[in-house]
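This report is meant for someone meeting the structure for the first time.

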Amino acid sequence: VFPIPVLRKTAGKTKTTPKGIRGPGSAAQIHCPPPPPPPPSAPRMPLLQQVHHSYFKMRRGNVVKVVREVYLRDDIGCGSSFCQQCSPQTTKVLERDALCYVIPDTNVCLHQIDALECPAIRNVILLSVVLDEVRAQNRATYARLKRVCEDPSRAIYFFANEFHKATHVRREPNETANDRNDRAIRVAAEWYGRHLYAGPSGGAPKVVLVTHDTENRAKATQMGLTALPLREFVQEYMKGNVEVMDKISATDDPDAVRGDKAKYTRHLTRDEAQRGILSGALLQGKLFANRFNNREATVKIFSSSSSSSTGSTPTPSDSSGGSGGAKPRQYGEVLVSGMVDLNRAMDGDVVAVRVLPPSQWKRRSRKIAVDDGEGAEAAAELEAA
């Protein structure tokens, strides 16, 4: 408690004496201690502000300038349990004893989402620049990628490279947005390698950039990074996992097998097939192969897909939902004719079919395919496709 000071006038001076305390010459005086210093405030995190200017031409021809402020940070953790430099309070998702950490680029996430959803692929680093590109190009794939990232058993870490001081890159003059994003991915992969190997203990997991872009792989190799296509990565670091290899799409894979397999239509994913069945564009049923002709089969349509059965037997397109035309009516069964339309479906498979236009319907074949030349005939059919 501090006493209240009062003013007391003397000869030619004004002295300040606390109330209830005697002035100079008195027997007792009280000296008030100085007030304690204020408690030290928490250290503020250093922020670096970046301003990006973008110009967009609208439909009416006017040009709009968009100014975007980005605040860069240096306390974003790498998410690795092996790292000893990041704060212990940061999230540690990536496994310490992993053989490598995988950084996929945008095209791999867009076209190889089926393979990335396999539980065998672990310790994946998803960059914010990749997720932003995927969201801008395909919302459905972005939603699937988010579900994979939120799975705690997959050891997948989201790294905000666009807001990290060491990995943020600015777009250079005359540089396209795609080239800038590819460069941002390479910079983030290089930072991860330096960050993990800078620790006191050796044996850090290797950082592998998975990309199918030839130019991107060449530039990454010049920077000393390990860059591989997805198929080659699975063969080298996952011992050729059969489940992942089977789900690698040939759309964006430079090492895909070119031949009869490339002539077939891509199999639909479960989500795509369900959406087609619910919308009526596809029919669901069970496939029964013709015992006398291996290039012909019949699909018995489930009651949920067809409420009534008709006597007609139209010809569908491929059994996994390939290219086709007219919206199907109500059918009890459909005929699948030809190796291309069968699309690698086997007897007893539950398949989704899309009915072709009536002008492309065929009759049931009465030929018994038991001669030695059936292989050559099937090869000719695939070649014609």
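## The chain as a whole

Of the 385 residues of the protein chain, 41% count as buried, and these values, like those that follow, come from a predicted model. The protein chain holds 12 helices and 13 strands, and its accessible surface comes to about 22,900 Å², with 52% of that area belonging to carbon and sulfur atoms.

Contacts also link parts of the protein chain that are separated in sequence: among contacts between residues at least 6 apart in sequence, 62% join residues at least 24 apart.

## Helices H3 and H4

Two packed helices are described by the angle between their axes and the distance between the axes. Helix H3, which covers residues 128–137, and helix H4, which covers residues 139–149, pack at an angle of about 140°, and their axes are 6 Å apart. On the H3 side the contact is formed by Leu 131, Val 134, Arg 135 and Gln 137, which meet Arg 139, Thr 141, Tyr 142 and Leu 145 in H4. The residues of this contact of H3 with H4 divide into four nonpolar, two polar and two charged.

The buried residues of H3 are Ser 128, Val 129, Val 130, Leu 131, Glu 133 and Val 134. Besides packing against H4, the buried residues of H3 pack against strand S5 (100–104), helix H1 (106–111), strand S6 (124–127), S7 and H5.

## Glu 175, in a loop

Glu 175 is placed in the loop between strand S7 (156–159) and helix H5 (177–197). With a relative accessible area of 11%, Glu 175 is buried, since buried means under 20%.

Which residues does Glu 175 contact, leaving aside its neighbours within four places in sequence? They are Arg 170, Arg 180 and Arg 183, and in the case of Arg 183 a polar contact of 3.0 Å joins its side chain to that of Glu 175.

## Ala 273, in helix H10

Ala 273 lies in helix H10, which spans residues 270–279. Its relative accessible area is 17%, and Ala 273 is therefore buried.

If residues up to four places away in sequence are not counted, Ala 273 touches Leu 268 and Leu 282. Ala 273 and Val 353 are 80 residues apart in sequence, while the distance between them in space is 9.4 Å, C-alpha to C-alpha.

Definitions and conventions: Residues numbered from 1 in each chain as written. Predicted model: local features only at pLDDT ≥ 70, side-chain atom pairs only at ≥ 80, totals over all residues. Heavy atoms only, no water. Helix = DSSP H or I, 4+ residues; strand = E, 2+ residues; numbered from the N terminus. Buried < 20%, exposed > 50% of the residue type's maximum accessible area, 1.4 Å probe, protein only. Contact = heavy atoms within 4.5 Å. Polar contact = N/O pair within 3.5 Å; in protein donor to acceptor, adjacent residues only side chain to side chain. Axes fitted to C-alpha atoms, helices over the stretch in contact; angles between N-to-C directions. Nonpolar A, V, L, I, M, F, W, Y, C, P; charged D, E, K, R; others polar. Areas by Shrake-Rupley, 256 points an atom, 1.4 Å probe, with all protein chains shown as cover.
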